[in-house]
Amino acid sequence: MDYELLGRRIRDERLMLRLTIEQLAEKVDKSTNYIGQIERNDGKPSLETIVDIANALGTTVDALLKDSLNTEKRDNLVQEISTLLYPLDDNGKRFILDMVKRYSYYHQSAGGNA
């Protein structure tokens, strides 16, 4: 497992949500020092802690660990879209689904040239 990339990804997700280390630490019931160690690759979190962090950040464990997973058969764009959709509420997900269906219908109707 690439703990350096995991820590960097956690930090990036945290900053994107405009959370401080203190706020993330509180959400996962860990010390700010420990969260900082994880982000700096000075600490090796357990799977349980990674799950807690993913939940607190509104993302998935596989999104945090994607640099350590064998994703040769996965479509990276689909994975990125999935990661972005995960934290949306049901109305947001329905809205995006409707847009995708409309685009797909238009794309098929235009003979794939849309």
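**Figure 1. Helix α2 passes helix α4 in a right-handed crossing.** The view is taken from a predicted model. Helix α2 covers residues 21-28 and helix α4 covers residues 47-57. Their axes come within 9 Å and cross at roughly 115°. On the α2 side, the contact is made by Leu24, Lys27 and Val28. The α4 side contributes Asp52, Ile53, Ala56 and Leu57. Sorted by class, this contact of α2 with α4 holds five nonpolar and two charged residues, with no polar ones.

**Figure 2. Ile35 is buried in helix α3.** Helix α3 runs over residues 32-39 and contains Ile35. The relative accessible area of Ile35 is 1%, and the limit for a buried residue is under 20%, so Ile35 counts as buried. Leaving aside residues up to four places away in sequence, Ile35 touches Ile21, Leu24, Ala25, Val28, Lys30 and Ile53. Among these partners, Leu24 and Val28 also belong to the α2 side of the contact with α4, and Ile53 belongs to the α4 side. Ile35 and Ala25 are 10 residues apart along the chain, and their C-alpha atoms are separated by 6.2 Å.

Figure 3. Most residues other than glycine have a negative phi. Asp29 sits in the loop between α2 and α3. Is Asp29 buried or exposed? Its relative accessibility is 70%, and the limit for exposed is over 50%, so Asp29 counts as exposed. Asn41 counts as partly exposed because its relative accessibility is 25%, which falls between the limits of 20% and 50%.

**Figure 4. The largest pocket is lined by 14 residues.** The volume of the largest pocket is about 230 Å³. Glu13, Met16, Thr59, Thr83 and Leu84 are the lining residues that lie nearest its centre. Two elements, α1 (3-16) and α6 (76-85), each give two or more residues to the lining. The largest share, four residues, comes from α6. By class, the lining of the largest pocket has six nonpolar, four polar and four charged residues.

**Figure 5. Thr59 is a buried loop residue in the lining of the largest pocket.** Thr59 lies in the loop between α4 and α5, the latter spanning residues 61-64. With a relative accessibility of 2%, against a limit of under 20%, Thr59 therefore counts as buried. Which residues does Thr59 touch, not counting residues up to four places away in sequence? They are Glu13, Ala54, Leu64, Thr83 and Tyr86. Of these partners, Glu13 and Thr83 are also listed with Thr59 among the lining residues nearest the centre of the largest pocket.

**Figure 6. The whole protein chain has seven helices and zero strands.** From the N terminus on, the order of elements is α-α-α-α-α-α-α. The protein chain has 114 residues, and 26% of them count as buried. Among contacts with a separation of 6 or more, 48% are between residues 24 or more positions apart.

Definitions and conventions. Residues numbered from 1 in each chain as written. Predicted model: local features only at pLDDT ≥ 70, side-chain atom pairs only at ≥ 80, totals over all residues. Heavy atoms only, no water. 1 Å grid on protein atoms, 1.4 Å probe; cavity = no way out; pocket = protein on both sides within 12 Å on 5 of 7 lines; lining within 4 Å. Points joined across faces, edges and corners; volume = space filled by probe spheres on them. Nonpolar A, V, L, I, M, F, W, Y, C, P; charged D, E, K, R; others polar. Axes fitted to C-alpha atoms, helices over the stretch in contact; angles between N-to-C directions. Left-handed = near helix turned anticlockwise from the far one by under 90°. Contact = heavy atoms within 4.5 Å. Buried < 20%, exposed > 50% of the residue type's maximum accessible area, 1.4 Å probe, protein only.
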